[in-house]
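Hi,

Here is the structure I promised to pass on. Have a look at it first, and my notes on what turned up follow below.

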Amino acid sequence: MSMRRMIGCVLWAVFAAGASLAAVPCHAGPLRVVTTTTDLAAVVRAVAGDRAEVVSLCSGTEDPHFLQAKPSFIMAARNADLWIRIGMDLEIGWEPPILAGSRNPRIAVGSRGHLDASEKILPLDVPATRVTRAMGDVHPQGNPHFWLDPLNVRIVAGEIAARLKEIRPEEADRFDAGLRGFEETLDRAMFGADLTRAVGGSRLWALALRGDLDAFLKARGLAERLGGWAALMAPHRGKKIVTHHRSWVYFARRFGLTVAGELEPKPGIPPSPSHLNAMVGLMEAQGIGAVVLEPYYSRKAADFVASRTGASVLVVPNSVGGAPGAVEYPALMDLIVTSIAGGL
């Protein structure tokens, strides 16, 4: 072989090797995802499986309104491929300094590595007038506690899967499979496995959203096959509860409860004696027998009104990780539903 031909063969081999390496996806490792809450983290893990390393900034035992920006949060954000927030200004007090300190353009607001989970949910408590500080901690875009409605979480899971596929299109099949598995788990937990098989989860949710589910099931002789969370809460439709903070309106809407009032006179404002006395009168007049609050709130106000009305105080976690066993979103909702149904 001539020297020229030998050099040509070596160059071809080097070029071929380089082309082969270029064909291998550069995203070999798992996606690094930072979520602002444990509920979002649980959904990412369900959809992405081992293709994502997920860090939640807020634990399930903390009030997400008042999280403090820490250096460790900034470091997590600095290396993130995807940042997912609840949105609706829930994180407005601590998200901006974390994002700014991270100096990570991949997750800047407006980039494909920044996902606002609230963009397509069904919002409640959207103010009809201009919001002022005199109204308390009112969110201009609506109530941010939307994850306590399983339908909203189903919507969010779809948005997360879509964004994961946008960032890692080569792994789209995995994310699609994870999404289907999560949706099926959620559907069976909400309506029962038997009814979900017979009708289909998407159709059941559509009927529930229109308010036609009961009539549909009755007309087709399927009412007795309703199971899951919907069946456990069905006997309590129309009942009224009082909550500490206005964080249970989405749960109440989904399961037919009415939140008659809150122990906070305004969102984020501590209970006052005059307001608590007014709540005692309200509960006695309307026969309200349950006060619901999260574990991170003091029980003092709830115990006060309960002692004067005979109501039950239900301390219920509202986020994944907020109580032992609530390690995934369906497990959290199991705990919430059984606690509130039992208390009612």
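The structure holds 2 cavities of 30 Å³ or more. A cavity here is a set of points, on a 1 Å grid over the protein atoms alone, where a 1.4 Å probe fits but cannot get out; grid points are joined across faces, edges and corners, and a volume is the space filled by probe spheres set on the points. Please keep in mind that this is a predicted model, in which local features need pLDDT of at least 70 and side-chain atom pairs count only at pLDDT 80 or more, while totals for chains, interfaces and linings use all residues. Residues are numbered from 1 along each chain as its sequence is written, and side-chain values use heavy atoms, with hydrogens and water left out.

The largest cavity has a volume of about 50 Å³. Its lining residues (those with an atom within 4 Å of a point) are D39, L40, V43, I86, F146, W147, V153 and V156. Two elements give two or more residues to this lining, α2 (38–48) and α5 (150–167), and α2 gives the most, with 3 residues. Helices (H or I, at least four residues) and strands (E, at least two) are DSSP runs, numbered from the N terminus. By class, the lining of the largest cavity has 7 nonpolar, no polar and 1 charged residues. Ala, Val, Leu, Ile, Met, Phe, Trp, Tyr, Cys and Pro count as nonpolar, Asp, Glu, Lys and Arg as charged, and the others, Gly among them, as polar.

The second largest cavity comes to about 40 Å³. T37, T38, D39, C58, S59, G60, E62, P64 and S319 line it, which by class makes 2 nonpolar, 5 polar and 2 charged residues.

Now to helix α13 (residues 300–309). Its buried residues (under 20% relative accessible area, 1.4 Å probe, protein chains only) are A301, A302, V305 and A306. Seen down the axis of α13, these fall within an arc of 130° (taken from the directions from the helix axis to the C-beta atoms), so they line one face of the helix. On the face turned away from that buried side sit K300 and S307, both exposed (over 50%). The cover over the buried residues of α13 includes α12 (273–286), β7 (290–293) and β8 (312–315). After α13 comes G310, with a positive phi near 80°.

For the whole protein, there are 14 helices and 8 strands, and buried residues make up 46% of the 344 residues.

Best wishes

How values were computed: 1 Å grid on protein atoms, 1.4 Å probe; cavity = no way out; pocket = protein on both sides within 12 Å on 5 of 7 lines; lining within 4 Å. Contact = heavy atoms within 4.5 Å.
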